[in-house]
Amino acid sequence: MSRVKMNVLPQAILQSPREHPRFIEQTVCPSLDFARIHLIKDKDGIDDYLAKNIKGLSKQEAAANRNSYKKNICIDMLRQGYHESFSELFTLIQKWNALREAGGPGSAIWQQKSLEEQPDKLDQLYHFLTRAEAAQRAGRYEEVYDNQLNLAYCFNDPEDKWLSNYFYEQCFNTAQLIKIDGGKREAQAHANMGLINEKQGHVMKAAEHYEAFYQLTEGSTWKDETGHTYNSLACEHLWRIYTLLADKMLENKEHQQAIKMLIKALKVAKEGGDMKTEGEATYCLSLAYHFAGEQQRALSILNTAVKIFTALCDSAGLGRAYAAIAKILVSQGKAAETIKYLGEFMKAAENAHLSQSLVDARVLLGNVYNERGNYNEAFEYFSQASEAAKTLNSLPLVDETKTYCGIAKAHKLMVAFNSHIEAEDPVSLKYLLAWKENRSDMCTDPLTVGLEVHASLQPQVSATLRVSGGGSHLSLDTALEEWSGRAASSTL
């Protein structure tokens, strides 16, 4: 069984790479004129097709109607002299068949139609492969590249990922031969190859491609179809891959190497101009310093992260940053300073109407009070968090805050429970027995519940309640059941 990957940095930041950017406008070819009689399944449809199309056809035309769609395309490629296109198409069909056989019955690819049974995809392959071959013969490698890139764009469905990856690799090979565009297409190819390698888990190889993409786009004004500059895309990809590499280093306790990597990540994040990315990069760097034991440096950088997330009204980012600050301050024994920070967080969330951040702040405050043993205050903040969570219409969040309330309430109950256990007197015992009957408020006056315990049984009860070596954490049910058994024996 493979080892489960454990992330040190938050999973929300270690996101999967997005889809390939569109560097050119996608061209989709129209359906070709090859006969599709073999696609007609019912007899009436075939008869109708033959009545309209077969009469007066030459032998060659009649044969075309009898052939499979794939065969007609292959024959036309060869007739027009596109031998390389024919060879490439045939190789791709064979590769698909090999992948299907390797998957075997029951696999996802086994349930799919083969490539040769999908005429629309064959149309795209015929159109762009022949155009790329014609451009290659003329030495116009930029046109070869554009046709190959269009083919990569054509196959976006998950089951066609192997096809799109194949054509991205072809684009990369072709881009090395283009000398007239200032490296624009080579930059595109490096970006696409970086994404492929990253998705396949080859992080170091992906980093090499992203660094080449970055270097080729420095100082350029090139933009993709969405208006993003190539250089900002390169910065985003580098930030993400450097962060992934740093996470692996932190997992291996290589703290100083991780810090150096995250400093590089922060540099490219700032250069990319996206404040959200800069905030996340800052936060990750602070965690690395925290793991390395450099707490003051971590706090300083976390304060910077807080400023960035506050400016962005980023609830999730603020919650993570303040939680990290609280954790560090608590580890240093600075509970009062922790409460002050979290109080500021709560006020900032209220002023900015950030409901999620308000929930986070109250939960964090509740946790601090809970760990200090101030269970009444903890319960109060958890209750406030639960009420705030209800306004967000998030059932999982409501359930989570209710759990916190339950924990605090249980701790409050344990204080009263332990005090009665340690008292070892008849009145305390009556309190415990009354609570066991109704499981409500342990502070209920035992004289109102109609339970009487004979004072002569007090020594047996005290002995039972001390069995855990002080009794401070003895289960109430266990103590009372054991005491009841002994009382019954003594009566007999």
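This is a predicted model: local features need pLDDT of at least 70, side-chain atom pairs count only at pLDDT 80 or more; totals for chains, interfaces and linings use all residues.
Residues are numbered from 1 along each chain as its sequence is written, and side-chain values use heavy atoms, with hydrogens and water left out.

The protein contains 21 helices and zero strands; helices (H or I, at least four residues) and strands (E, at least two) are DSSP runs numbered from the N terminus. Of its 492 residues, 45% are buried. Here buried means under 20% relative accessible area, exposed means over 50%, and partly exposed lies in between, with a 1.4 Å probe and protein chains only. The protein exposes about 25500 Å², of which carbon and sulfur atoms supply 52%; such areas come from the Shrake-Rupley method with a 1.4 Å probe, and for residues only the protein chains shown count as cover. A contact means heavy atoms within 4.5 Å. Among contacts between residues at least 6 apart in sequence, 59% join residues at least 24 apart.

The next topic is helix packing. Two packed helices are described by the angle between their axes and the distance between the axes. H13 and H14 pack at an angle of about 155 degrees, and their axes are 9 Å apart. The axes are lines fitted to C-alpha atoms, for helices over the stretch in contact, and angles run from 0 to 180 degrees between N-to-C directions. H13 and H14 are therefore roughly antiparallel, since angles over 145 degrees count as roughly antiparallel, under 35 as roughly parallel, 65 to 115 as roughly perpendicular and the rest as oblique. Residues of H13 that meet H14 include Leu299, Leu302 and Phe309, and among their counterparts in H14 are Leu318, Arg320 and Ile325.

Charged side chains provide a further topic. A salt bridge is a side-chain nitrogen of Lys or Arg within 4 Å of a carboxyl oxygen of Asp or Glu; by this rule there are 15 salt bridges. One of them joins Glu280 to Lys276, with the closest N and O atoms 3.0 Å apart. Both residues lie in helix H12 (residues 275-291), four residues apart, about one turn of the helix. Glu280 is buried at 7% relative accessibility, whereas Lys276 is partly exposed at 35%.

Lys276 also forms a salt bridge with Asp314 (2.5 Å, N to O). Because Lys276 lies in helix H12 and Asp314 in the loop between helix H13 (295-312) and helix H14 (315-331), this pair ties together parts that are 38 residues apart in sequence. Asp314 is buried, at 11% relative accessibility. Lys276, Glu280, Asp314 and Arg320 are linked in a network of salt bridges.

Another salt bridge links Lys248 with Glu251, at 3.9 Å between the closest N and O atoms. These two are three residues apart in helix H10 (residues 230-251), so about one helical turn separates them. Lys248 is partly exposed, with a relative accessible area of 34%.

Finally, Asn165 is found in helix H7 (residues 161-175). Asn165 is buried, with a relative accessible area of 12%. Apart from neighbours within four places in sequence, Asn165 is in contact with Ile196 and Gln200.
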